[in-house]
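Take a look at the model below.

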Amino acid sequence: MTVQRGRHFLQIPGPTNVPDRVLRAMDAPTIDHRGPEFATLTLSVLEGLKSIFQTAGDVVIFPSSGTGAWEASLVNSLSPGDKLLMFETGHFAMLWQRMAKNLGLDAEVVPGDWRHGVDPAQVESRLAADRKHEIKAVAVVHNETSTGVTSRIAAIRRAIDRAGHPALFMVDTISSLASIDYRHDEWGVDVTVGGSQKGLMLPPGIAFNAIGPKARAAAKSARFPKAYWNWEEIIAANKSGFFPYTPATNLLYGLREAIHMLLEEGLDNVFARHARLAEATRCAARGWGLEILCLEPEEYSNTLTALLMPEGYNADILRKVIMERFNMSLGTGLGKLQGRVFRIGHLGDFNELMLAGTLAGVEMGLSVAGIPHAKGGIQAAMSYLVDPRGKEKDVQVASFEQRANKTEIRS
Ligand code: PLP
């Protein structure tokens, strides 16, 4: 293997680049998790997480990956056999649905084309048809990491309300939290699922549930067996700053620093930075003449962009070339998108020059791999970053026929 110098560019859509400040915060002796210093740490991160989830309610932290927090959301608030409404927005939505089925839930899936988010009108009509209120929960992935499509959570909430349906509303924010605006309380979400390794700029290893009062009440009569994931035991121990088991102490040091960094920047500025870098990425894609997988501009993801390969070219070959030549990891196509798309992660501890490096790596990779594209993607991105209002106006995009946005994704 060739030794590569300089920083590796970790441009997958999570885990993301961990900032030095967070790395340094974690580089400290592990303390007694039953001592007073630890209690102060817990109480401060729990308070900070409320700002991140935009909730006044409870947030619990699990020493797990995001998948664990998915499971916790289901087993705490539902009972075996309960009906759950889910949406085929992409790979992660389908994994959550498979988990629900494996647990013994009756998960109904509204089919999708992996290029759109959840349609609020479909939510409304399906719930309105459920006169007996058999559906106990609606579960949506806010930002589908496999496709780069962001569903409109506030609009989905309004759809549930228009249908007058009492179902719980559960949202996966694993690749949107602390990067794309998300409001647990204002948008009437009952359970929010989050993870450490994306917008929160931490390594993988801890995950979250933000729990609204309706979900907490539902948990009292929910009949799934649960132990490790039991919200009530964690909330009870958290009151005095402790956990019912050994917590991930050093990740909590990192979390404290990450929350500090996010609040110091200001969440609105964090969201605006992600929006700016995402739009610049899309300018580059248009400049290259590559098709953005997401078909609805209102649903473009601000944390990642999935780009379709021209017919007959494999995205994983491009990714391999970029990795070997330029020391950068890009996201692979997941599920039925394998080989069809590559994903550029533009989230977390990320800025203009890191994006310019990332896009340069992609443009050079396209040339090295012999993939038909137009030059000028990076130029388009830079022009946008310099002057967002004059979007692309002075950019000469080489003659390359842009493909219509109509590729159908087949299994
Ligand atoms: N949900 C979404 C939207 C994700 O992007 C991921 C992982 O990338 C998961 C769930 C699963 O999380 P984890 O891999 O941490 O278990």
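**Cavity and ligand**

The structure holds one cavity of 30 Å³ or more. Here a cavity is a set of points, on a 1 Å grid over the protein atoms alone, where a 1.4 Å probe fits but cannot get out. The model is predicted: local features need pLDDT of at least 70, side-chain atom pairs count only at pLDDT 80 or more, and totals for chains, interfaces and linings use all residues. Residues are numbered from 1 along each chain as its sequence is written, and side-chain values use heavy atoms, with hydrogens and water left out.

The largest cavity has a volume of about 40 Å³, taken as the space filled by probe spheres set on the points, which are joined across faces, edges and corners. Its lining residues (an atom within 4 Å of a point) include Met 86, Trp 96 and Val 141. Strand S5 gives the largest share, three residues.

Now the ligand. Which residues surround the ligand? Among them are Ser 65, Trp 70, Phe 92, Val 141 and Gln 197, where near means a heavy atom within 4 Å. Thr 67 has one 2.5 Å from a ligand oxygen. Asp 172 places one 2.6 Å from a nitrogen atom of the ligand. For Lys 198, the distance to a ligand oxygen is 2.8 Å. The protein buries 86% of the 380 Å² that the ligand exposes when taken alone, by the Shrake-Rupley method with a 1.4 Å probe.

Methods. Polar contact = N/O pair within 3.5 Å; in protein donor to acceptor, adjacent residues only side chain to side chain. 1 Å grid on protein atoms, 1.4 Å probe; cavity = no way out; pocket = protein on both sides within 12 Å on 5 of 7 lines; lining within 4 Å. Helix = DSSP H or I, 4+ residues; strand = E, 2+ residues; numbered from the N terminus.
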